[in-house]
Amino acid sequence: MKHIIIAACLLLSLGTSAQTLSELANSVKNSITKSSSDNSSNSSSTSTSALSTLLSDTDIASGLKEALNLGIEEQVEKLTQTDGFYKNELVKIVMPSELQKVDTALRSIGLGDLADEGIKALNRAAEDAVKEATPIFVDAVKDITFDDAKTILLGEDNAATTYLTSKTQTALYDKFNPVINESFSKVGADKIWNTLISKYNSMPFVSQVNPDLTDYVTTEALEGVYTMIAVEEKEIRNSTAARSTDLLQSVFKLQD
């Protein structure tokens, strides 16, 4: 900055005709502003770099794993409770699209309560099956590498959820499918749906239906699990108050 001011004074003393006094003053002002801005930018970059070097790869990976485990504990556990799916509009399982006509037809003849029971039964089966998810998620979290952690940390708001989906979707489907099938019987969904479908199929002028509800509920249950983990991940990324430990605060400060 000192050199800039000296140079400006020399130019003024020589009486140059190329610029007026006002133009020179503006030139000096702009140079000073740019120098100050560059220093500020360099300072910010240095600060971020310094913060990063204070955290080891192990710290970053541990912080991300802690966040994911918190999401699993806080959100997936909620889904296993009674009405965890049924009264949560983000994940509630409704009639599959091919059975919307069944729902409409039953309600038209005064069997709305039966249709409601059918929907509730699907959600009860999902709530029962999700209890099997936690161990699979925990194993997937353990397998996160340092490189995975850095990529996820600096990714989108759902980057960790996307990672978990890619690592667990097949295993969870294989685990959920037979459990859902058993859950239908356990929560009485099989009887409710047999009655519901029989009532519909006995109506005149309708096409017979025989949906694969096990596959449908399995897929919807998986979608619900990932949706709720994404909710927790976004909260931790965007709210400092949600970072409940020193490690979470330090690690996620890097992506703020």
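1. T214 is placed in helix 10, which spans residues 213-238 (helices being DSSP runs of H or I with at least four residues, numbered from the N terminus). The model is predicted, so local features need pLDDT of at least 70 and side-chain atom pairs count only at pLDDT 80 or more, while totals for chains, interfaces and linings use all residues. Residues are numbered from 1 along each chain as its sequence is written, and side-chain values use heavy atoms, with hydrogens and water left out.

2. T214 counts as buried because its relative accessibility is 13%, buried meaning under 20% relative accessible area with a 1.4 Å probe and protein chains only. Leaving aside residues up to four places away in sequence, T214 touches N177, I180, N181 and F184 (contact means heavy atoms within 4.5 Å).

3. The largest nonpolar core comprises 68 residues, and F137, F176 and W193 have the most contacts inside it; such a core is a set of buried Ala, Val, Leu, Ile, Met, Phe, Trp, Tyr and Cys residues joined through side-chain atoms within 4.5 Å. Helix 10 gives the most to this core, with 10 residues.

4. A search of the whole structure finds 1 aromatic pair, where ring centres of Phe, Tyr or Trp (its six-membered ring) must lie within 6.5 Å, and planes under 30 degrees apart count as stacked, over 60 as edge-to-face and the rest as tilted. F137 and Y226 form this edge-to-face pair, at 5.9 Å centre to centre and 80° between the planes. Since F137 lies in helix 6 (residues 133-142) and Y226 in helix 10, the pair ties together parts that are 89 residues apart in sequence.

Notes
Helices (H or I, at least four residues) and strands (E, at least two) are DSSP runs, numbered from the N terminus. Buried means under 20% relative accessible area, exposed over 50%, partly exposed in between (1.4 Å probe, protein chains only).
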